[in-house]
Amino acid sequence: MRLRSCLAGLALVLMAGVAHAAEECPAKSNAMDDIKSALNAAPSCDRAMKLFEACSYGASGDVQFGEVVEKKCEADFLGQLKTPQKLSYQRELGVCDRKYRNKSGTMYISATAFCRAEVAQRYSRRALKAGGAGR
């Protein structure tokens with residue numbers, strides 16, 4: 001029974017990896033500057049996030065990619081937030097920062113970058129939905 005649970009978990013991880021790798025990174029190369037340029041050129045927050053997923057290193061270099069995605073997404077909502085909403089946003093980013101802080105390994109640094117980008121994406125989607133814009 002325990003073996004089945006492990007195999008089922010492994011199958012889910014493998015399927016997630018296949019889905020994650022479905023899109024190839026469109027950057028000119030795997031160089032950090034090329035990937036950042038591709039992220040900056042993305043037409044929307046959601047597209048930038050897809051590129052982040054496709055181009056990520058799975059290591060500490062993802063922090064720089066995540067920052068580009070955060071800024072792209074924040075452009076959709078940050079100026080519209082009132083003080084309590086800004087505090088809530090900052091609090092959610094802080095949760096991401098604390099989530100893996102006691103873990104060692106660069107993959108946890110990457111996970112933190114993805115968590116922060118996902119928070120920014122969620123806020124962007126809410127703002128675009130409330131404003132009636134669809135991206």
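Modeller: Let's start with burial: a residue is buried under 20% relative accessible area, exposed over 50%, and partly exposed in between (1.4 Å probe, protein chains only). Keep in mind that this is a predicted model, where local features need pLDDT of at least 70 and side-chain atom pairs count only at pLDDT 80 or more, while totals for chains, interfaces and linings use all residues. Numbering runs from 1 along each chain as its sequence is written, and side-chain values use heavy atoms, with hydrogens and water left out.

Biologist: Okay, what share of the 135 residues is buried?

Modeller: In this protein, 33% of them are buried.

Biologist: And how many helices and strands does the protein have?

Modeller: Elements are DSSP runs numbered from the N terminus: helices are H or I with at least four residues, strands are E with at least two. Here you get six helices and zero strands, so reading from the N terminus gives α-α-α-α-α-α.

Biologist: How do I read contacts, and what share of those with a separation of 6 or more joins residues 24 or more positions apart?

Modeller: A contact means heavy atoms within 4.5 Å. For this protein the share is 68%.

Biologist: Now the inside. Which residues have the most contacts within the largest nonpolar core?

Modeller: A nonpolar core is a set of buried Ala, Val, Leu, Ile, Met, Phe, Trp, Tyr and Cys residues, joined through side-chain atoms within 4.5 Å. The largest one here has 28 residues, and L39, F52, V69, F77 and Y89 have the most contacts inside it. Helices α2 (32-41), α3 (45-55), α4, α5 and α6 each give two or more residues to this core. The largest share comes from α6, with eight residues. Take V69: beyond its neighbours within four places in sequence, V69 is in contact with L39, A48, M49, F52 and A117.

Biologist: Next, aromatics. How many aromatic pairs are there?

Modeller: Rings of Phe, Tyr and Trp (its six-membered ring) pair if their centres lie within 6.5 Å; planes under 30 degrees apart are stacked, over 60 edge-to-face, and the rest tilted. That rule gives six aromatic pairs. One of them, F77 with Y89, is edge-to-face, at 5.1 Å centre to centre and 80 degrees between the planes. F77 sits in the loop between α4 (62-74) and α5 (83-99), while Y89 is in helix α5, 12 residues apart.

Biologist: Why does Y89 count as buried?

Modeller: Because its relative accessibility is 0%. F77 is buried too, because it comes out at 2%.

Biologist: How does the pair Y100 and Y108 look?

Modeller: That pair is tilted: 5.7 Å centre to centre, with 35 degrees between the planes. Y100 counts as partly exposed because its relative accessibility is 23%, and Y108 is partly exposed at 25%.

Biologist: Which residues form one aromatic cluster?

Modeller: F77, Y89 and Y123 do. There's also a charge to look at: one sits over a ring if NZ of Lys or CZ of Arg is within 6 Å of the ring centre and within 35 degrees of the ring normal. R126 lies over the face of Y123, 4.7 Å from the ring centre.

Biologist: Let's finish with S110. Where is S110 found?

Modeller: S110 is in helix α6 (residues 106-131). At 6% relative accessibility, S110 is buried. Setting aside residues up to four places away in sequence, S110 touches G58, A59 and D62.
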